[in-house]
Structures are given as C-alpha cells and as structure tokens.
Amino acid sequence: MRNLAVIGTGYVGLVTGVCLSEVGHHVVCIDVDEEKVKKMKSGIPPIFEPGLEELMIKNIKNGQLHFTTDYTEGLKNAEVIYITVGTPQNIDGSADLKYIKQVAKDIGLHVTHDVIVATKSTVPVGTNELVHKIIQENLKENVQIDIVSNPEFLREGFAIYDTFNNDRTVIGTSQDHAAKIMTEINQPFNVPIFITDIRSAEMIKYASNAFLATKISFINEIALICEKIGANVDDVAYGMGQDSRIGPKFLDAGIGYGGSCFPKDSIALVKMAENVNHSFKILNSVIEINKKQQMILVEKAKERFGSLKGKKCAMLGLSFKPNTDDVRESACIYISKRLIDEGAEVSAYDPIAIENAKKILDSKVKYGANMEETLQDTDFVFILTDWKEFIDFPLDKFSDLMKFPIIFDGRNCYNLEDVKQYPIEYHSIGRASII
Ligand code: NAD
C-alpha cells in the first residue's frame, strides 16, 4: 500500500481521498480552506454525498486518512500527489487554471523527493505539461517528477459507488514506471484500466462530457418535436435505448443539463477547438439548445397564463440533479430569476440543497420547510429535480394544497396514466399535456 496526498477536498478530492484510504492506502488530504479542514478532521464532510461520512469517519479512526492545510506535512511522504482542485470558467468560457497553477507552484516549493503527480481535475489538453513545467521551475531539490493525467468520471450523488464500479480508469503518462505504480494503486477498485498518452487522457474527459451533453440536448430536441407531432418522448427514448449501439442512459428529456461539469466543460472544449482554428459546430448547438431548454417551463407557464405577474409559483428541486447538495449551474438559478423578472412570487424547496441555494438565489425567493408548506396556496408548481421524495409524493395532495393544481414537470416524474386519475392540470416534457 502507498502513501498518497490529495490536494483539494471538494466533491472529487474528498471522495478520492476517502476511497483510496478505504482500500488501504495511507492518505493525507490537503486543502487551503481552514474551516473545511477543521470540520473534516472531526469527521464532518463539507459536502453531501451518500455514504461518504461513514467511510470518512472509519478511515480517520483507523489512522488511514488525515487532513491538513500544511503542504510540507501533507507532501512529506507522498509517493503520488493527486491534484483535484477546481477548474472553473474564465469570462470567455475557457478553463480558469489559477488553482492548478498555484498547486503546481506549491508542489514545486515543497516536494523534496521523487514523486508522481497525477491530475484528476478536468484540464484542457496540454495543461499537464504546464503543471510539469511550473513544478520544475519551483523545485528546490534535484528530484524526479513524473506526470500523469488521471481524469475523474464520478457522478455526484453516486460518487462512492462510481469509484468502486467505474466503467474505466484512464491513466495518461509517458513513463512506464508511473503507469505501473498508478495501476497498482488502482488495482483494489477492480475497475478496468486504460493506459494512454497524457494529451489523449486529457481529451478523453472533455470528449466524454461533451458527448453526454450532446445526448441530452439531442433527446430534448426530439422531445420538442414529439410535443408537436403527438409522440411520447419517454417511449421514444426507451425504444431508442434498447439499441445497444445507442444505450438507454442520458436519454431523459427534461430541462437540460446543469452542474459544475457539463456546462463549463462543453464551453471549454469549444474554446480549445477554437484555439486550433476549429469551429465545433455540434457542441455549439448543444450548448445553445441547453440554454433554451432550461427556460422551457417558464415558456409553457407564460403560454398557459398569459402573464405571470402576481402568480405564486412553487419551485421543487434546487440541486442540479438528485442526491447532491450541489447547486452550481443548476437550472433553478436562471428559472427563479426569470420568474421574478416576470413578476411571479417564488417559494422553493429541496430536500438537501436549500442552504447552498440561499447563497446564490435572489433574496426574493422564499423557502418552505417541506413540500406541503411550499405548495400551500400556490398557482402552479415547477418540478426541476427528480428527487425520489417528489416522485413518491401522493398526487392527490397537490389538489389538497394548491389553489388549483397546475404542474409543470421538468423531469417527467409522473406517469401520464397515473396523473389522469386526479383533477390535475399537467404539463411535462415531450408528452401530451393533461388539461
Ligand atoms: P470543488 O470546487 O468542489 O473543490 C475544490 C477544492 O479545492 C476546494 O475545497 C478548494 O478549497 C480546494 N483548493 C483550491 N485551491 C487550493 C490549493 N491551492 N491547495 C489546496 N486546495 C485548494 O471542485 P470539484 O467539484 O471537486 O472539482 C474538482 C475538479 O474535478 C474540477 O476540475 C472538476 O471539473 C473535476 N470533476 C468534477 C466532478 C464533479 O462531479 N464535481 C466530476 C469529475 C471531474
């Protein structure tokens, strides 16, 4: 088993550190956020991720997992250093590498022995070469630095499961020694390993996210056509997905993709292509379709009511998808702003993400303690996230709580035949409305 350091303890870094410790490695997680590190030292994860807290506490107790803000202490014995800091967007959409560059500099300044540096953050092609250069420029000792691109494919909400059950682990390196050590470290996860060069590994991550985003925008376009020609997009997607060349996943029509990855990574790939004089036409369309799709419920509501001025809307679901507290680039941000601009009153509820949402949504948004309180006396409801709690909610309660139940379902949570049993007006995506 190896001594490992993980730099950055967000959704990727903390899950990586915890899972590596769970399979027996000795892991030190480093973060610059003192508050976070203090919390984590006492076993409190700063993010919500199913199963994370239990594994974290277990491995802190058995001495496999440590947290620090101190690079000297954190890197002292590391044989592999993982970089897992954020790569947000610059104003022009390209990836902002300020955290990556800072980490590379700090590794250079603090490392005093031969080490492998593996980047898990999603970084544009060529960034690992830059990381190598910055480390070399700052080294105080004559030591060997091997660079690996090891992109992360976990899904928030299933991050622990995914780490142990991923479809593949990608290792990009030009060094046989580094490939051997990385393979050995990952062996206990029993995930197929694909070894390639650094640039291809970096590109695999962007190409994968862009392809998944394309599937989503594709089915959303099909949904719009289905509505106009009287087909049911859920059945269409099911029929398509049975073809093994297509596959059933990422064919759920809805209000588009959000989150901290697809939006920023698809734009970053467009920028990367532009830098080599290529116009990525498909991906540009995917991004444009998604922006439009995020507003589809507002358009449907406006068509239904004429004006939204003074109407009371309940917004159910604030995280960009279920089972996470992450609200980064969640559709609720744009939808709530538009509703308020249109003069509507917005009450909102989410089982987990309310505290994070409060930090970014307009102060005019009010929050309910539960679904019942949020729906009370509203004119219409927007379902934005397919939380199980919403799917399981008894349909008759909508009629009990609302003035007259008008549901705009952005995630096709309910079966049309079930809805028809109740006095509910129901509009969903790519399916006939029930009026
Ligand atoms: P995050 O914003 O949740 O976490 C980043 C962490 O890095 C923060 O805790 C921050 O305090 C810390 N940090 C910043 N600068 C630091 C420094 N100099 N030294 C130490 N720590 C520092 O980010 P995330 O969502 O975990 O994403 C990390 C990377 O992984 C991004 O490139 C992202 O695109 C990629 N990724 C994310 C996911 C996901 O589902 N979130 C999945 C796959 C890949």
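**Ligand shell**

I listed what surrounds the ligand and got 26 residues, the closest being Gly8, Gly10, Val12, Gly86 and Ser121; a residue is near if its C-beta atom, placed from the backbone, lies within 6 Å. This is a predicted model, in which local features need pLDDT of at least 70 and side-chain atom pairs count only at pLDDT 80 or more, while totals for chains, interfaces and linings use all residues. Residues are numbered from 1 along each chain as its sequence is written.

I sorted the shell by class and found 10 nonpolar, 11 polar and five charged residues (Ala, Val, Leu, Ile, Met, Phe, Trp, Tyr, Cys and Pro count as nonpolar, Asp, Glu, Lys and Arg as charged, the others, Gly among them, as polar). Helix H1 (11-22) and helix H5 (98-110) each give the shell at least two residues; helices are DSSP runs (H or I) of at least four residues, numbered from the N terminus.

**Domains**

I noted domain 1 (3-196), domain 2 (205-291) and domain 3 (295-427), with bounds from an automatic or database domain assignment. Nine residues of domain 2 and 13 residues of domain 3 form the contact between these two (C-beta atoms, placed from the backbone, within 7 Å). The domain 2 side has three nonpolar, five polar and one charged residues.

**H9 and H12**

I checked how helix H9 (residues 198-229) packs on helix H12 (residues 281-294): the angle is about 55° and the axes are 9 Å apart. Axes are lines fitted to C-alpha atoms over the stretch in contact, and angles run from 0 to 180 degrees between N-to-C directions. The contact residues include Ala210 and Ala213 of H9 and Ile282 and Leu283 of H12.
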